[in-house]
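Thank you all for making time this morning. I would like to walk through one model with you, going from a helix pair to a chain contact and then to some strands.

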Amino acid sequence: MAPISTQLLDSISQELSRIPTEQRDLAVAAAQLNAQTDGLLRLDDLELLNVEPATVLLPPSEDCRAAR
Amino acid sequence: MPLDELTRLSIAEAGEHIRRRSLSPVELTRAYMDRIQRTNSEFLAYITVLEKPALAAAAGAEQEIARGNYRGPLHGIPIALKDLVLTRGVRTTCGSRILKDWVPDADGTAAIRLHEAGAILLGKLNMHEFAYGPTGVNPHYGTPRNPWDRTRMPGGSSSGSAAAVAASLCAGALGTDTGGSVRIPAALCGIVGLKPTYGRVSRAGIVPLAWSLDHVGPMTRTVADAALMLQALAGRDPADPSTADVPVPDYRAAMEGAVRGLRLGIVKDLFFDHLDPEVRDGVLAATRSLQGLGASLQEIALPAMPHASAASFAIITAESTAYHEGYLRTRAAEYGADVRARLVTGQFVLATQYLKAQRARHVIRAEVDAALRRVDAFLTPTTPIPAPPLDTREVTLDGQTEDLRGCLTRCTRPINVTGHPALSVPCGLTAGGLPVSLQIVGRYFDEATVLRIGHAFEVVSPMRSRRPPLDA
């Protein structure tokens, strides 16, 4: 599989997330993503089909704007 | 007692003097202020020092105690907060240029609870920018110096907290821990750091790094002091829905119990591979000490745990970028280069990867829970290496080269993924005089057992009487 390129990331940041980014940051991002891609794919080894995400469900009476 | 000796008292010792009225909170606060004024320019531990408010609060505590209203062991004790804990009327920078002039109009719950316990706030502590890094290197406010060797990293992200406690610039401090940010600087600076169970201490009024991984915890010179601070901090908070309504025990009393008969696990393959030899020797010597105190040791296996690193990456990058997206669009140039690059990375993590990571947490957590039904706690090194030189980028151990951030967080961030309580306790010094630390991981909401093991070890530890060469 070809490594993730800065050109690909540049397109995503411009067209999809619309966060302005510089080439030097994209190079770091590409390196980090390339280093983690295999590990993220290997999460499938954990047999997650019947596992729900560990997210917190907020009770309706609570205020989620706690920090700022 | 000379001023500098006052600043070397533990919270428990100083608190007992204050309770008996043989030490004045004003005298103690002055001693810390004197030391901060003389040495903070060298250690760079504080971003904001609150001299007048601290002395006024100390005078108030003194009068209150004289009237017979003693609040408990933190009453009159000078402490400091990592500069991401909101403080009403006091600027809260998060170690960033972006928030350099931000003055919140409310206190965080942790700040309120420490204030209600009578603690005196000396100031706000330096940190890795927005808590996003384990080195403590800060391009905006300078990098706090490691008191054991000022050419070495203090560790992060709670770098100022660790440096201040180790250098006797406060009696105790608050840190936050998303991948090891309490325990790593505690380990590199030779102090005690506790990451409580997720949900034990409120995160309300603390600027987040990653909501589902963030923990708030005490950083102190002794395990007993960590127990005293946790006592004030722990418990349900309606402002933080992730806090649990679980009874809070008397940590100090529970800590005093023996470890004889406790079963301690060692996860050899995962946590003991690719270590600095002096770290391995120090941690294994600590496990033998605990065995000598009557605890039994057994190897345990955690085959899903190696997946925690990838899960942590997806969660921390996605959540932190979600929080910072507004600043990234408008003020990106004001971030330090390392933090901005990591925040930029988060926009490329897929939603499916994030959710897969959150699903993996259930599996990893269940496996650790099952192991902790067979043992009372398990032991690991806190960091694979002692404090590295300030300019370090990579580390080579056993012929394998690793990014420094990955190396520093290797033993700590899996425990953020699972949310179990974990305590870092100093367990020795390298030949070069750098601290090495033991990590003790326990069952959910069983900080008492973790503290008990840490305290029992501390009593026999070779580090018990060792202090950094502060005035050399």
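This is a predicted model: local features need pLDDT of at least 70, side-chain atom pairs count only at pLDDT 80 or more; totals for chains, interfaces and linings use all residues.

**Helix packing and strand pairing**

Let me begin with the crossing of H1(A) and H2(A), in which H1(A) passes H2(A) in the right-handed sense. On the H1(A) side the contact is made by Thr6(A), Leu9(A) and Asp10(A), while H2(A) brings Gln23(A), Leu26(A), Ala27(A), Ala29(A) and Ala30(A). Sorted by class, the residues of this contact between H1(A) and H2(A) are 5 nonpolar, 2 polar and 1 charged.

For context on the chain itself, chain A has 2 helices and 0 strands, and of its 68 residues, 21% are buried.

Now to the partner chain. How many residues does each chain bring to the contact? Chain A contributes 32 residues and chain B contributes 38 residues. On the side of chain A that touches chain B, helix H1, residues 6-17, and H2 each supply at least two residues, and H2(A) gives the most, with 10 residues. That side of chain A divides into 20 nonpolar, 7 polar and 5 charged residues.

H2(A), which spans residues 23-42, packs against helix H13 of chain B, residues 337-346, at an angle of about 60°, and their axes are 8 Å apart. H2(A) and H13(B) are therefore oblique to each other, and here again the crossing, H2(A) passing H13(B), is right-handed. If you look at the residues, Asp25(A), Leu26(A), Val28(A), Ala29(A), Gln32(A) and Leu33(A) of H2(A) meet Arg340(B), Ala341(B), Val344(B) and Thr345(B) of H13(B). That contact of H2(A) with H13(B) has 6 nonpolar, 2 polar and 2 charged residues.

Finally, some strands of chain B. E7(B), residues 263-266, pairs with E8(B), residues 296-299, in the parallel sense over 4 bridges, and E7(B) also pairs in the parallel sense with E9(B), residues 377-381, over 3 bridges.

Terms used: Residues are numbered from 1 along each chain as its sequence is written. Chains are lettered from A and ligands numbered from 1 in the order in which they are written. Axes are lines fitted to C-alpha atoms, for helices over the stretch in contact, and angles run from 0 to 180 degrees between N-to-C directions. Angles under 35 degrees count as roughly parallel, over 145 as roughly antiparallel, 65 to 115 as roughly perpendicular and the rest as oblique. A crossing is left-handed if the near helix is turned anticlockwise from the far one by less than a right angle, and right-handed if clockwise. Two residues are in contact if their C-beta atoms, placed from the backbone, lie within 7 Å. Ala, Val, Leu, Ile, Met, Phe, Trp, Tyr, Cys and Pro count as nonpolar, Asp, Glu, Lys and Arg as charged, and the others, Gly among them, as polar. Two strands pair if DSSP finds at least two bridges between them. A residue is buried if 20 or more other C-beta atoms lie within 10 Å of its own, exposed if 12 or fewer, and partly exposed in between; C-beta atoms are placed from the backbone.
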